[in-house]
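Dear colleague,

Please find the structure below, followed by a short account of what was found in it.

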Amino acid sequence: MSLLEIKDLTIHFPTEEGDVRAVNGISLSVEEGKTLGLVGETGAGKTTTALGILRLVPEPGEIENGSIVYKGKDILSMQEKEVQDIRGNEISMIFQDPMTALNPVMTVGDQVAEVILRHQNCSKTEAQKRMVDILAKVGIGADRAGDYPHQFSGGMKQRVVIATALACNPKLLLADEPTTALDVTIQAQVMEMINELKAEFQTSMILITHDLGIVAESCDSVAIMYAGQIVEYGSLEDIFDHTTHPYTIGLFGSIPSLEKKVHRLQPISGLMPDPVNLPTGCCFHPRCPYADERCAQEAPAAAEVSPGHLCRCHYWETVRGKEAEDNV
Amino acid sequence: MSDTLLEVKDLCKYYKTPKGALHAVEGVNFSIREGRTLGVVGESGCGKSTLGWTVMNLHESTGGSIFFQGEDVTHPTKAQKKVIHKSIQMIFQDPFSSLDPRKCVSDLIAEPMKVMKITRGKKETEQRVAELMDTVGLARRYAFAYPHELDGGRRQRIGIARALSVEPRFIVCDEPVSALDVSIQAQILNLLQDLQEERGLTYMFITHNLSVVKHISHDILVMYLGCQVEKCECEELFRHPLHPYTKGLLSAIPIPSIHVDRKRIVMSGEVTSPINPKPGCRFAARCPYADERCRSELPQVEEILPDHFCACHKVRELNEL
């Protein structure tokens, strides 16, 4: 059985201008000890999905539909108290921006110890001891536990955020763009650390990112999100070697390559749709080179390209054939 | 060379801070030929933006000299300033904060032309604005829209149109695509390349993104804490990086393919402070090969291979040259 199974999750934000349809019926599952990459551009609904799992969707957002089954129990039908016991304990989150995720008037040691005191039945001294251990794991010496966040650099702050998330040995880690705010050399250090700790504690992870390079290095399976839907879903190999959805192809075409010399990039034309006013039919059709009448009217269901590899496109077979031709 | 557009010699820029002098740029040398792109790469705080600002004369340099079209413009006269600001333009990093929120698109694009007195009369200005909007791919229906109504990609197009409006020869692009999503980033990169081909523009392209810099540049300058560590032709840098920092930087980039098998050199430690730096090589604290000499003496930039410059005491030993 999967550790986490999401079915038909729909999250909307009712506003004066209409419903912001951030997440529209996504289904995914995370296996024990594995990493799922959630990839997409700004506004695709990645972060909202993660917040939904923790039941932390900000006002006026509402989870309209779906189920989030964690270890056989639906998080959405739990009492608030139960969710609080899971949050930060069994499921924890690494936030994107380490500059704003920490409390500026609390020492980093206290922030890490706070989580331990809340969830683990232990004394203050015991919590202090564990706090020092976990800080050492992320490479911060005990002498810095009394420092405040502003005394740390960006990379060090992100380590503190990670320490807070790992303080109670979570079963599932939601990492929301954990390295986007960091420089590449620091990013390499942090990713290596996350992967080591993950292996050590047998933690599962949902890694939210827009960087396909990071996905290639750290994930086991990948979900590509566009306008609140998962448009392509499969193993690392399915997505990187047998790319099928036109949007995923466009994403790969947009990244300048370090290996090959291409004179011009092949970007996706147009812009992300407005989530208040999503296009009819397939959300991607206004930007898709393969789109026709049918795409504008009828939303495609997820087709199974090969076992476990899903793709939401009416014409995936055509796209597939065309791609194979181009690669020859 | 005769077609050198911009040349910078031993450029230094220090800022005064309460704790001492902040060495933002230290002894940088480069020249850019007409119609080429020089990529400037480095991590945050390495002085790449300061370098751009100093070249544009928005900040006065502390030492060294800048030559534009063979003329010394380090301390420009009023007349020279006028020429520089017309010939050198800048595209800023953040399309959200670099545009006046109270001006509409057509006013924003017309502003530099009015200031520089390029167009005469309202009609001519309007026509130029319309032309520029076509050039950068902004639909004319946005002429009276305000920046907050537009997304990052379109805002960045306004920034480009503003820079182009005075018909410059040289554009300093300061992280023009870092704030954009990949699909939009690719559109803007293609636009910049097209403009260069059509108009023979020269770019100085400042970024921290190595795959972007590889895609767009002819030559690359790698900076670390204000110092130039390596400079050479683009392909050469990716094929034979010489400096230990460049090697580490290149190996740190995650590659979007599952068939690449490579050894990552993880650099330990973090960037040290640029305020009153220690006398040695700036990279010594993080360099796995550093010895006594590296910690006491700042290495000079040397031409190690033809057209390949590097500042490292141990470069020959490490690369078996």
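In chain B of this predicted model, residues 24 or more positions apart account for 64% of the contacts with a separation of 6 or more; two residues are in contact if their C-beta atoms, placed from the backbone, lie within 7 Å. Local features need pLDDT of at least 70, side-chain atom pairs count only at pLDDT 80 or more, and totals for chains, interfaces and linings use all residues. Residues are numbered from 1 along each chain as its sequence is written, while chains are lettered from A and ligands numbered from 1 in the order in which they are written.

Of the 321 residues of chain B, 44% are buried, that is, 20 or more other C-beta atoms lie within 10 Å of their own, again placed from the backbone. The C-alpha atoms of chain B fill a box of roughly 65 × 50 × 45 Å along the principal axes.

Chain B has eleven helices and twelve strands; these are DSSP runs, numbered from the N terminus (helices H or I, at least four residues; strands E, at least two).

The contact between the chains takes 35 residues from chain A and 31 residues from chain B. On the side of chain B that touches chain A, helix 6 (182-199), helix 7 (210-216) and helix 9 (244-252) each supply at least two residues. Helix 6 of chain B gives the largest share, seven residues.

Within chain A, Gly109(A), Val112(A), Ala113(A), Ile116(A) and Leu117(A) of helix 4 meet residues of helix 5, among them Ala127(A) and Met131(A).

Yours sincerely

Note on methods: A residue is buried if 20 or more other C-beta atoms lie within 10 Å of its own, exposed if 12 or fewer, and partly exposed in between; C-beta atoms are placed from the backbone.
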